[in-house]
Amino acid sequence: MSEQHEEVLGKAYDARLMRRLLGYLRPHRRAVAIALVSIIGYSVLQLAQPYLTKLAIDDHITTGNLEGLDRIAFAFLVVLVGSFVLEYLQTYTMQMMGQRIMFDLRMEIYRHLQRLDVRFYDRNPVGRLMTRVTTDVDTLNDLFASGVISVFRDVFTLSGIMVVLVVMDWRLALVAFSVLPFIAWITHWFRRNARDSYRQVRGWIAKINAFLQENITGMATVQVFGRERRNYDQFDHINSRHRDAHVSSIFYYATFYPAVELLGSVATALLIWYGGGRVVQGTVELGALVAFLQYSQRFFKPISDLSEKFNVMQSAMASSERIFDLLDTPPLVESPREAKSLARQGGGHIRFEHVWFAYRNNDFVLRDVSFDVIPGQRVGVVGASGAGKTTLINLLMRFYDVNQGRITIDGIDIREMRLADLRRQFGLVLQDVYLFSGTIRENIRLGHKDIGDDRVRAAAASVRADRFIEGIPHGFDGEVAERGTTLSTGQRQLLSFARALAFAPDVLLLDEATSSVDTDTEHLIQDALRTLMKDRTTIAIAHRLSTVQDMDKILVFHKGELREIGNHQELLSQRGLYYTLYQLQYRDQEQSSMKLTHLSDFPTVG
C-alpha cells in the first residue's frame, strides 16, 4: 500500500467531489429538507433569545412596567423548548441520514469489488481495500452527519448575528467586530498547522495498520523464527511516532480554542467599556447592550466550529477521492451486453486457439498455445513450476482475458458469454483451499438453496469426506473457523472436492488438488475421482505424474509453450520432456523409499 497515497489530504473543498457526494443525498431528500428547516428554525430561535432579553430590560425592567413581562418570559420559554425540539430533530435526522448514506455507500463499494477482475486484486493489497469500505466511509459519515449541514448552520448563524448587530447599532457592531482580524489570523495559523499534524497522524495510522495486518497474518512465522522482540520494538517505534504526532496536534487544539475564547472575552470587555459609557450617556439602552453581549458570545462559537469543520471537510475530500477512484476503476473482464448461450446437452468442447497471455507487459506466460478437450475427456496438464499450467485455468474461467488468440466452448468465444453462464460450467478445486467461517454444510453449498441436504451429504460421501465429518462435533452443522484453521489440510481439500461436486459441474478443474494431502488421503480421492470423472470432462493440473497416468490425454508445458501431447505410454515412448520429468520424479521417490528403509533398520528405544 502506498503510504504517500494514504497521507494525501488535498483541498478542504473540491467542487467536483462535493457535487458527486451531494448526489448521495438525493434518495434522502425528505431527511435533508427536515434537517435544513430545523437548522433555519433553530438559528432563528437562537437570534430571538437576546432580543427578547433586550425587550424585557428596556421596555419593562428599567421602566418598572411589569405588565407584559410575563408574556416575554413565556415567549422565552417557548423559544427554549422550540430550540430543544429543533436541535433534537436536526441531530437525529442528520445522524440517521449519515448512517443510511454509509450503508448505501458501503453496499455500492462492495458490489463494485465483486465485479472487479482478479488482475485488480493482484495489484491492490487487501488492507487498502478494507480501508476504503471502513475508515474512508466513516470519514464521509462525519461529513454528512455533522459537516456540510452544520457548516450551513454556522454560516447562517454568523450571518444572522452580523445583520442583527449592524441593524441594532452599527457603532457597537464595529467594536464587536474589531477582534475579527486577530481571529482570522489565529484561525489561519491553526488550520495550517493542524493540517500538517493531521497528515502525520494519518500517515502513522496507515503504517500501524499495515504493520499489524502483515505481522498478525504471519504470526506463526514470527514465533517460529523468534522475531517477537524485534517486531515488538518495531511496533513500539511506529506507535511512539503516532503518539508524538497526536501530541503535536493536541498543542494546536489546546492553543486555538482558548485563544478564540480569549478574543471573545476581549470583545466582551470592549463592548462593556464602550457600550457602558454610551449607556451612562443615554445614547444606548441597557437592554441593547445586554443583547449585544449575548450576541457576541454566540458569534464566536460558530467561528471555532467552522475551524474544526475544516479538518472534517479536508479529510472527507481525501477519503471521497480515494473511494471514487476505486468506484471509477472499470472491470477489465465483464459480461458482454449481447451474450451467447451454450447448449448444455452433450456440449462442452473446449478449444484453445493460438493463445498468448502475459500478466504484465510483454512477459508472456503462454505462447501460441493450441489444443482441444472434447466432452467427457480427461486431460492432465504437467510441467515445471512457472510453465503456465495454472494460467490455463485462469483464462478458461475468464479471471483474465487472453492477449492474443481465443478460447472457445462449442465454438463460442468465452468473451461472448455471460460470466455467470461460463463459470457455471466448471467445478474448480485449488491447491490452496479457502473455507469461510460457518458450518461445514454451508461451506459445501455456499448459500445455494437449491443444493439440498441430501445433495450435500452425497457429495461428501463421494469424496469420502463424510468419514471425518461424522467424527467431529455436530457433524455437518459443525462450525468451521476462519479459513478452516481447525481442520487439517487433507480435510479442507476433501471439503473443496465435495463443494465442487455438489454444484454438478460439466467440467471439473483440478489445480494441484492432491499435492497437499497425504498418501492415504490421496488414494481415497483417486478412488472417488475415477467414478466422478466418468462422463465428465476433466482438466487436472498435477505436480505428481502418478495422478495423471491414466488420463486420456496429457499436455506437457515448458516455459509457456505446449511441448508434448499424448497419453502416458505415448509420451514415455517419445523419451522427451515428459520422460525426463517422469525419471526425475521416479528417482526422487526411490531415494525417499530407501531413506525410509534405512530409518526402519534403527532399533527402537523404550
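**Sheets first, then helices**

Analyst: This is a predicted model. Four strands make an open sheet in the order 2-1-4-5, and their pairing is antiparallel.

User: Which strands are the edge strands there?

Analyst: Strand 2 (364-373) and strand 5 (412-413) are the edge strands. Each of these pairs on one side only.

User: How many bridges join strand 1 to strand 4?

Analyst: Five bridges join strand 1 (residues 350-358) to strand 4 (residues 404-409), and the two run antiparallel. E353 stands opposite R406 in strand 4. F352 stands opposite I407 in strand 4.

User: What should I know about side chains along a strand?

Analyst: In a regular strand, side chains alternate between the two faces of the sheet.

User: And over how many bridges do strand 1 and strand 2 pair?

Analyst: Strand 1 and strand 2 pair over six bridges, in the antiparallel sense. A358 has F364 in strand 2 as its bridge partner. The two strands form a hairpin with five residues between them. In that hairpin, N361 takes a positive phi near 50°.

User: Which helix lies across strand 1, strand 2 and strand 4?

Analyst: Helix 13 does, running at about 110° to strand 1.

User: Do strand 3 and strand 10 run parallel or antiparallel?

Analyst: Strand 3 (residues 378-383) and strand 10 (residues 537-541) run parallel, joined by four bridges. V379 stands opposite I539 in strand 10.

User: Next, two helices together. What describes their packing?

Analyst: Two packed helices are described by the angle between their axes and the distance between those axes. Now a case. Helix 8 (residues 170-177) and helix 11 (residues 228-281) have axes that come within 8 Å and cross at roughly 155°. So helix 8 is roughly antiparallel to helix 11. Their crossing is right-handed.

User: Which residues meet in helix 8 and helix 11?

Analyst: From helix 8 come R171, L172, V175 and A176. From helix 11 come A267, L270, L271, Y274, G275 and R278. By class, the contact has seven nonpolar, one polar and two charged residues.

User: Give me a second pair. At what angle do helix 16 and helix 18 pack?

Analyst: Helix 16 (residues 453-462) and helix 18 (residues 489-502) pack at about 130°, with their axes 8 Å apart. Therefore helix 16 is oblique to helix 18. Helix 16 passes helix 18 in a right-handed crossing. R455, A459 and A460 of helix 16 make the contact with A498, L501 and A502 of helix 18.

User: And how do the residues of that contact divide by class?

Analyst: Five are nonpolar, none is polar and one is charged.

Definitions and conventions
Residues are numbered from 1 along each chain as its sequence is written. This is a predicted model: local features need pLDDT of at least 70, side-chain atom pairs count only at pLDDT 80 or more; totals for chains, interfaces and linings use all residues. Side-chain values use heavy atoms; hydrogens and water are left out. Axes are lines fitted to C-alpha atoms, for helices over the stretch in contact, and angles run from 0 to 180 degrees between N-to-C directions. Angles under 35 degrees count as roughly parallel, over 145 as roughly antiparallel, 65 to 115 as roughly perpendicular and the rest as oblique. A crossing is left-handed if the near helix is turned anticlockwise from the far one by less than a right angle, and right-handed if clockwise. Contact means heavy atoms within 4.5 Å. Ala, Val, Leu, Ile, Met, Phe, Trp, Tyr, Cys and Pro count as nonpolar, Asp, Glu, Lys and Arg as charged, and the others, Gly among them, as polar. Two strands pair if DSSP finds at least two bridges between them.
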